[in-house]
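I opened the model to look up a few places in the fold. My entries follow in the order in which I checked them.

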Amino acid sequence: MSGVEREPITIAGSCEAVEDSLKGLPKKTGDVRRKHVVVKDACEVEQKIEANDRAIPGILTNRGCAYAGSKGVVFGPIKDILHITHGPIGCAYFTWGSRRNLMKPEEGRDCFSGYCLSTDVKETDIVFGAEKKLADAIREAYAIFKPGCISVFCTCPIGLIGDDIESVCKKAEEDLRIKVIPVRCEGYRGVSQSAGHHIASNCLMEHLVGTEEPDETGPFDVNVFGEYNIGGDYWVVKELLEKVGYRVVSPFTGDASFHDIAKAHRAKLNILLCHRSINYTNRMMEEKYGLPWLKVNYLGVEDTIKTLRDMAAFFNDQDLTSRTEAVISEEMAKVQPIIDMYRQRLAGKRVMLLVGGSRAHHFRNMFETLGMEVVVAGYEFAHRDDYEGRKVLSTIVHTGRSKVLEDIHYERDPNVVSPYDDATIQEMRKSIPRLMDYEGLSPHMKDGQVMIDDYSHHECERLVKDLGIDLFCSGIKDKYVFQKMHIPSRQMHSYDYSGPYTGFEGFVQFAKDIDMSVNSPTWKFITPPWRQKSNA
């Protein structure tokens, strides 16, 4: 489309495109899907979008299951826990090496990232039960690896036959004198992998957080939440924070040790990136330990700068603030010329950005810094607050499907004295809006741009065509569908084996990758079917 004048994105045009994308669906299905697609209109007082509901049978959804959310997302990056999948072998294989949670082995600590352990449940186990098989598997795994912690994830068949994994794990823990964590994350528990995040967060709090004490503490100790070290993202963040003067007690959970997570309650602040995956733990740590959390984003230079300044404002230390500004100035001097160069090459290109819960919000500013327009954005497994902000939490009606997930609440732990009282936190929130709060995707959308929840291939194909999308960013399930349509596509869940994308350094890599995708000369030699004049 380079050099071709296009109609600007308008509310009316986008509404027409959305209706076009729903054509061909049965009426009942179309009525349901309309509630999950919103065209931004600032003149409307309140725009509501449905989310966290069951995918419609037959729709090619991009979601995963509760097991994938627990084992694949939250627990999987913890490098020194030996993970055992209690279920058929296919379930274990599904989460084996499918995410790029990079890990560095440390001297004196285990690293089990390359292993995929399963009880390999068969038909006879379904009939007669598999508890003994699990008990034997735990002991065999311990004999081989001698881990300090084992986690057990049960999949759908185990929940259906009723294996008591809690009793098996408790007995193994007593006998082996190590931590053995049962995670009851059957895939059907919830409408998407978001349920698995919730379950995993509960398990982290119940079995790990607060079970060990650090050798020392510092005034600027932080936990890095919602960061899974995709492509090395966490390593960039850690280096940047240490350069300013912070000390990371524990990541949650990219490149993490379970020993670090066990000591996390002694940090002074939790910083939270992907709030959909692990905000549950933040809320529980706030209740139990009085530990405040700050919504941050270190994807993109502008949001990285805002994050560093918000953190400095929270700690209110003059030396820390001075170092923060010095680091910002130093890093921007390096990257600004590169940003200007790529902006000239990418400005005006239209993007469709469809990723996991809250990530579209995080990536959006990166494209805008390059002069690109995010025309369509959405999530696979978001809740309404990911779109509309934390303010809508009290208005969300919980259905029977969500009530099967336990919301654990805590009384304040008398052994951990918080350095902040409620009055202090409330005063801080006046000057730091993202402290204990987040605003969601909707406030960042412009009139005529489209928000879409639990998107399908059919809807995306029509929107790509009707809105003139130049770059499609999503996951592996639909990447090649759109490349076959002659639309450049980036796999944003694992960065197409590139990265890191965080911080100043990561933004340079991001800009390079986007330019390589959009401006590759190969696209000049092919024409999408709907732009061809011939009927051949």
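Is Gly69 buried or exposed? I found Gly69 buried, because its relative accessible area is 0%; buried means under 20%, exposed over 50% and partly exposed in between, with a 1.4 Å probe and protein chains only.

Before going further I noted the terms of the model. It is predicted, so I kept in mind that local features need pLDDT of at least 70 and side-chain atom pairs count only at pLDDT 80 or more, while totals for chains, interfaces and linings use all residues. Residues are numbered from 1 along each chain as its sequence is written, and side-chain values use heavy atoms, with hydrogens and water left out.

**Gly69.** I placed Gly69 in helix H3, residues 66–75. Helices (H or I, at least four residues) and strands (E, at least two) are DSSP runs, numbered from the N terminus. Setting aside neighbours within four places in sequence, I listed Val74, Gln193, Gly196 and His197 as contacts of Gly69; contact means heavy atoms within 4.5 Å.

**Core.** Next I looked up the largest nonpolar core, which has 111 residues. Such a core is a set of buried Ala, Val, Leu, Ile, Met, Phe, Trp, Tyr and Cys residues joined through side-chain atoms within 4.5 Å. Phe75, Leu241, Tyr246, Leu353 and Phe367 touch the most other members. Helix H14 (residues 318–346) gives the most to this core, with eight residues. For Leu353, leaving out neighbours within four places in sequence, I noted contacts that include Ala360, Phe363, Arg364 and Phe367, as well as Cys473 and Met492.

**H15.** Helix H15 spans residues 359–369, and ten of its eleven residues are buried. Among them are Ala360, Phe363, Arg364 and Phe367, each of which I had already listed as a contact of Leu353. The buried set also includes Arg359, His361 and His362. Just after H15, I saw that Gly371 has a positive phi of about 80 degrees.

**H1 and H19.** I then checked helix H1 (residues 11–21) against helix H19 (residues 457–466): their axes come within 8 Å and cross at roughly 145 degrees. Axes are lines fitted to C-alpha atoms, for helices over the stretch in contact, and angles run from 0 to 180 degrees between N-to-C directions. The contact is made by Ala17, Val18, Asp20 and Ser21 of H1 and by His458, Glu459, Arg462, Leu463 and Asp466 of H19.

**Sheet.** Which order do the strands of the open sheet have? I read the four strands as E7-E6-E8-E9, with parallel pairing; two strands pair if DSSP finds at least two bridges between them. Strand E7 (247–253) and strand E9 (293–295) are at the edges with a single partner strand each, so one side of each has no neighbour in the sheet. Neighbouring strands are turned by 25 degrees against each other on average, direction ignored. Strand E8 (residues 269–272) is joined to E9 by three bridges, and Ile271 stands opposite Leu294 in E9. Helix H12 (residues 275–289) lies across E6, E7, E8 and E9, at about 145 degrees to E6.

**Leu435.** My last entry is Leu435, in the loop between helix H18 (422–431) and strand E12 (450–453). Leu435 counts as buried because its relative accessibility is 0%. Not counting residues up to four places away in sequence, Leu435 touches Trp293, Leu294, Phe314, Ile425, Met428 and Arg429.
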